[in-house]
Amino acid sequence: MQFSSKKIVANLIDKEEQRIAILGTNGKLDEIFISDAENPDSIGAIYKAKINNIVKGMNSAFLDLGGGQTAFFYLGKTHETFTQGQHVIVQIVKPAVKGKVARATTKISLSSHSLVLLPNERTVGVSKNITDEEKRVALHKLAAKIRPNGFGVIIRTLALDATEAELSDEIDKLVHKWQEITDASAHLTHPALLCKESNLLEKVLKKYLSNQFDEIVTDDESSVEEIRKIVDDTLLGAPIDVNFYNGNTPLFELYGIEKEIALLFERKVWLSSGAFLVIDRTEALTVIDVNSGKFVGKNELADTVLAVNLEACEEIARQLRLRAIGGIVIVDFIDMFSREDAERVIARLEAIFKDDRSKVQLYGITNLGLAQITRKKERKELASLLATTCPCCGGKGIIQKPRSVAIQIKRFIRKNISASHNEALLLECDSEVANYIRKYFLNSWENEFSVKLLFVETCNLSKDNYKLLTAGTLEEVEQSRGNYIKRKE
């Protein structure tokens, strides 16, 4: 599907899980946002918190947010003195994940479409994504002019076409919002939520809407008016069509989004040339390996390598966005033949990452061809949102071969026989392992150990696990096996 402009496709009909996709002009998925009703994203939420503990060795304070929720914030080099039991207003900047508590900050930021307001600051800044120096200077002067006392202001990329009146109106609304937050805090004597982030629809539209879009389509009729109001308030009546879709084919299937989401759980990502990426997530970082695959090129080897690496840059940036991957990323590019080629690859990455809404830093390519990247974590990773640890491999990503498990079972049998001298054993294991033993080992093992071996095949155990169900005389074990099989039936 080809488009002349970008589109927003909002699958909002199911309240249990709402999804919003941004499609590029090529019809491909550019961004995907998914709500989590069970564990709503806490990033941006503002709390009145109580300092439970100050750990000087970690330069951190641990907080009670109320309702059983906790967080911590770094004390940093701040001149402000914090004490145990003190109440503070904090904002969540990193959600709780993998057993780690949420991270907060006392430096609050309130965002609107075109700017960010910073209470208790005096900062004036302009988004780094605005590169035209003349426009940067003009926007900086405008921000300094309209900045209210006691607040800092940062101009966002979407403010490029905004007027002074529009920016002033946004500031007035944010100042009023901050006043409501501080008033609520003053009337509370205990930790509590003061302000939560907007719902998914409002959050995405206010952050991403621009004149680059020509249509927003949704499958939820009740959301159409809300979308139109947000468009009118944000872009002041810009010509963006808001349409309701009620066809028989599900909305995300119609636009091919469902298939693209499914591919985001694959390790291997194919490129159009026939080359591919392999993406692996570890506890500390993400590793991406670039492979030439089926791509052989038409010219010199050096040209082929450079072409694959340059093509990979586009997809690497896209995968990081779509999978919402943050933290440290190491990319193992195909070894290049010159420093100039490596610099071209880094230049391509820098150009592509300029459009990323998350802060991205590049640290060059090492002599081993490894590109070092950091990307700010803005929201939950797609994998942690929609997937869980595999019960078979325990998250390792691999399981042992049937032969390896069979040999472990043999060692277990030897240990049991040496201790008890039973006539027969009944073991439970995966069907593939049981069949492997019957085919290659059963007769020789029974002769070696002078024992009768019976098996119950199961899908309740992972492929590399097994257990002894019973041991004794052949008659007792055969009867037990029959009972197990009847219970399974």
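Let's start with helix H1 (residues 133-146), which lies across S11 and strand S12 (151-155) and runs at about 150° to S11. Helices (H or I, at least four residues) and strands (E, at least two) are DSSP runs, numbered from the N terminus. For the angles, axes are lines fitted to C-alpha atoms, for helices over the stretch in contact (heavy atoms within 4.5 Å), and the values run from 0 to 180 degrees between N-to-C directions. Keep in mind that this is a predicted model, where local features need pLDDT of at least 70, side-chain atom pairs count only at pLDDT 80 or more, and totals for chains, interfaces and linings use all residues. Residues are numbered from 1 along each chain as its sequence is written, and side-chain values use heavy atoms, leaving out hydrogens and water.

So what do S11 and S12 belong to? They sit in an open sheet of four strands, in the order S9-S10-S12-S11, with mixed pairing. Strands S9 (110-111) and S11 (124-126) are at the edges with a single partner strand each, so one side of each has no neighbour in the sheet. Two strands pair if DSSP finds at least two bridges between them. S9 and strand S10 (residues 115-119) run antiparallel, joined by two bridges, and serine 111 is opposite valine 116 in S10. Helix H2 (residues 164-186) lies across S9, S10 and S12, at about 35° to S10.

Now look at strand S8 (residues 102-105), which pairs with strand S6 (residues 69-74) in the parallel sense over two bridges. Here alanine 71 stands opposite alanine 102 in S8. Strand S7 (residues 87-94) runs antiparallel to S8, with three bridges joining them, and lysine 94 has arginine 103 in S8 as its bridge partner.
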